[in-house]
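Open the model in your viewer and keep the selection tool at hand. Each stop below says what to select and what is there.

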Amino acid sequence: MRITISNGEIIDPANNLHQTGDIFIDQGRIVGVGQCPDNFIAEQKIDASQQIVCPGLIDLCAYLYEPGQEHKATIYSETAAAAASGITTICCLPDTVPVIDEPSVVELVLRRSANSQQSKVFPIGALTDGLKGKALAAIDTLKSAGCIAVSNANIPINDTEVLRRALEYAKTCNLTVHLYCQDGFLSKNGVMHEGIMSVRLGLSGIPAVAETIAISRALLLIEQIGTRVHFCRISTASGLSLIADAKSRGLEISADVSIANLHLTDVDVNTFNTDCFILPPLREEQDKEALRAGLTNGTISNICSNHQPHQSSSKNVPFSMAEPGASTIEMLLPLTLSLVQETSLTMSQAIAALTSLPAHIIGAASGNLSVGTCADICIFDPQAVWTVDRNKLLSAGKNTPFDSWSMRGQVTHTIIDGNIIYQRH
Amino acid sequence: MSINHLQINEQGRLRHFLTTEGIDRALLVDILDYAESFVTIVQRAVKKVPLLRGKTVANLFFEPSTRTRTTFELAAKRLSADVLSLDMPISATQKGESMADTLHTLQAMHCDMFIVRHAYSGAAHFIASQVSSHVHVINGGDGCHAHPTQAILDMFTIRRHKPDFTSLKVAIVGDILHSRVARSEIYALRSMGVSEIRVIGPKTLIPDHIESLGVYPYYEMNDGLIDVDVIIMLRLQRERMHSALLPGGHEYFQRYGLTEHRFALARSDAIIMHPGPINRGVEIDSAVVNNKRSLILQQVSYGIAVRMAIMAMIMGHPQE
């Protein structure tokens, strides 16, 4: 179908573009930006006046729970929530049941997401067999089946020898490793950041060194081996400075941060609020500020949702009995936009953190509005104000720490492969 | 939202009793004064008052306890309440549904008050957030977080012997890391205006950031006890210790046990307290337990009066 998106404020960081204009779509691809192609007659027109038109958002970390935990959420429910939030690509983690450590599970995820016809899903495969941290997964087979990276999800690889060999093997197969860094022994039993708040609440804490020790260990191995590694969901100022230092020495690494860690701290756990029981833990104010600065200065590339929906029975319990995770995917865009008001992050940088930069990390062709690219596009009203109501979330998970927060920025259209998948009424 | 948003109602009165954190001196003194009136009752021949007649109090103990449960039962019975004591099964696979379901069932039976003891921090807050508006919750100890009634009875005991809190140096000795008693005591002592609170123990049992609670850590017992007025000894909570926090054997007693020699470093009129149960030869020497300045048994008997006062107060009874 031929579509014209007219008069929108186009922000395409990949092409350094920020101007008002039209976008032309045909047969699932962008065929014109600004300039109308010859003989182009639109079958559908979208009036994007007063709105921003940008590449569809790319979220490098969200839990879809299918296969195996469909009582929590399904590929359909979460990709639909994502599509309504401007997200056109989601990377799901391998800790499904069964684990994404063999091609049949990859094929299942790809087939179910294709059938859902909502956001695209790019699966991240397991780094170790069963995510057990002992034997290598069949990384090359997973890559051929469609995995865009490998990871051990949130499960620490305590055996340093295994981590070394896994990094070597992933390099051999030319696949990026997404590494979540937390020392398994120091973080065992921890349910929040170890600090003043955890002492007051009498809750077992995860010290900052659990992250920095794991990052240091990984960096030293990467220096030796040369694997391309993406450090996921950094939560500490000290961990961030290790990443910055390694980047300045020329290591081919990148890092992201979860949206919750840019807005919340351990103080938000104050009244044993289980919606703030998240991994990585919400750390201190100075960590939050450092992460924001890291985004602005480029140490952090992209922002992910770290979306983890849960049923109320998993959260409506005393704090340590709850399951960790927050429902955040529907707030990813407005919470990123609010950083433009609250920090020195520019609008273009904010959009880049959700589009061109994550695309680059996973080697996706999308995340930009170049002519010839697949038409994955997000159109949003940057001035629209709305209030988060947990009961009205589209996600199967109502466990959001942002309940009652005021959001500025609301998606009006989401286009995936040239089809209007979501339209706000 | 503050930690007190559940326990204090809009009129500034106690609706639940979950933590001593945020309880100001005026309210603490009210509770202590009210408890004084119950001390004489427990010494009478007929030990009952009808304040809670017709009310049902349920002890929900998810963690084993003889002493605390017995004192709460006695306190409730002496207020003429009907008492239910429920031993909830403790299991690593225990799911939240069961607790929520139990609560709803008990509420359907029109219980007026729950006394809760649980292995997990925040459990009493959780229960208080679930119950309907006419039901009251008292925290009998939740994980490592709080044991507010113990702190109140300790303040009561101290006040009976050393009424001027502002001049006192108090030392709390032992497993501060896992101690809900220590945390509740620290908040209460600070509200009462104690000039110096020390925590004494090995580094592994004293959390980083403890100074943020307004206390001074000491890792040498002999330094920490000098000139102290009140010594509060804690039991080693081995059941909460998951990792390499202490060597086995007698080393803990060698470094941190309260012996007569160490007791002599404190002021000559210093008092000794312990929430119990005591482990002779582990944290405290038998000779010291039997010393006339050891108030351990007084704490037990004051505990009943204090709990009667708290229960009566949160059920809405003004001070006589």
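The tour starts at the interface, then visits the sheets and a hairpin.

**Before you select**

This is a predicted model: local features need pLDDT of at least 70, side-chain atom pairs count only at pLDDT 80 or more, and totals for chains, interfaces and linings use all residues. Residues are numbered from 1 along each chain as its sequence is written, chains are lettered from A and ligands numbered from 1 in the order in which they are written, and side-chain values use heavy atoms, with hydrogens and water left out.

**Stop 1: the interface of chains A and B**

Select both sides of the interface. Here 19 residues of chain A are in contact with 29 residues of chain B; contact means heavy atoms within 4.5 Å. The two chains bury about 2,000 Å² between them, 63% of it on carbon and sulfur atoms. Buried area is the accessible area (1.4 Å probe) lost when two parts are put together, summed over both.

Now pick A:Val199, A:Arg200 and A:Met321. On the chain A side these lose the most area to chain B, together 31% of what that side buries.

Stay on A:Arg200. Which residue of chain B forms a salt bridge with A:Arg200? B:Glu21 does, with the closest N and O atoms 2.8 Å apart. A salt bridge is a side-chain nitrogen of Lys or Arg within 4 Å of a carboxyl oxygen of Asp or Glu. The count between the two chains is one.

Select helix H5 (residues 196-201) of chain A. H5 gives four residues, the largest share of the chain A side that touches chain B. Helices (H or I, at least four residues) and strands (E, at least two) are DSSP runs, numbered from the N terminus.

**Stop 2: the sheet of chain A**

Eight strands of chain A form an open sheet with parallel pairing, in the order S6-S7-S8-S9-S10-S13-S14-S15. Two strands pair if DSSP finds at least two bridges between them. Strand S6 (57-62) and strand S15 (302-304) are the edge strands, each pairing on one side only. Neighbouring strands are turned by 30 degrees against each other on average, direction ignored. Axes are lines fitted to C-alpha atoms, for helices over the stretch in contact, and angles run from 0 to 180 degrees between N-to-C directions.

Zoom in on S6(A) and strand S7 (residues 87-92). Four bridges join them in the parallel sense. Find A:Ile58; its bridge partner in S7(A) is A:Thr89.

H6 lies across strands S10 (177-180), S13 (229-232) and S14 (253-258), at about 175 degrees to S13(A).

**Stop 3: a salt bridge within chain A**

Select A:Arg2 and A:Asp26. Their closest N and O atoms are 3.8 Å apart, in a salt bridge. A:Arg2 lies in the segment before strand S1 (3-12) and A:Asp26 in strand S2 (residues 17-26), so the pair ties together parts 24 residues apart in sequence. The structure holds 28 salt bridges over all chains.

**Stop 4: the sheet of chain B**

Switch to chain B. Four strands form an open sheet in the order S2-S1-S3-S4, with parallel pairing. Strands S2 (82-87) and S4 (136-142) stand at the edges with a single partner strand each, so one side of each is left without a neighbour in the sheet.

Five bridges join strand S3 (residues 113-118) to S4(B). B:Phe114 has B:Val137 in S4(B) as its bridge partner. Helix H4 (residues 123-130) of chain B lies across S3 and S4, at about 165 degrees to S4(B).

**Stop 5: a hairpin of chain A**

Finish on strands S17 (residues 406-416) and S18 (residues 419-423) of chain A, which pair in the antiparallel sense over four bridges. A:Ile415 stands opposite A:Ile420. The hairpin has two residues between the strands, and A:Asp417 takes a positive phi near 50 degrees.
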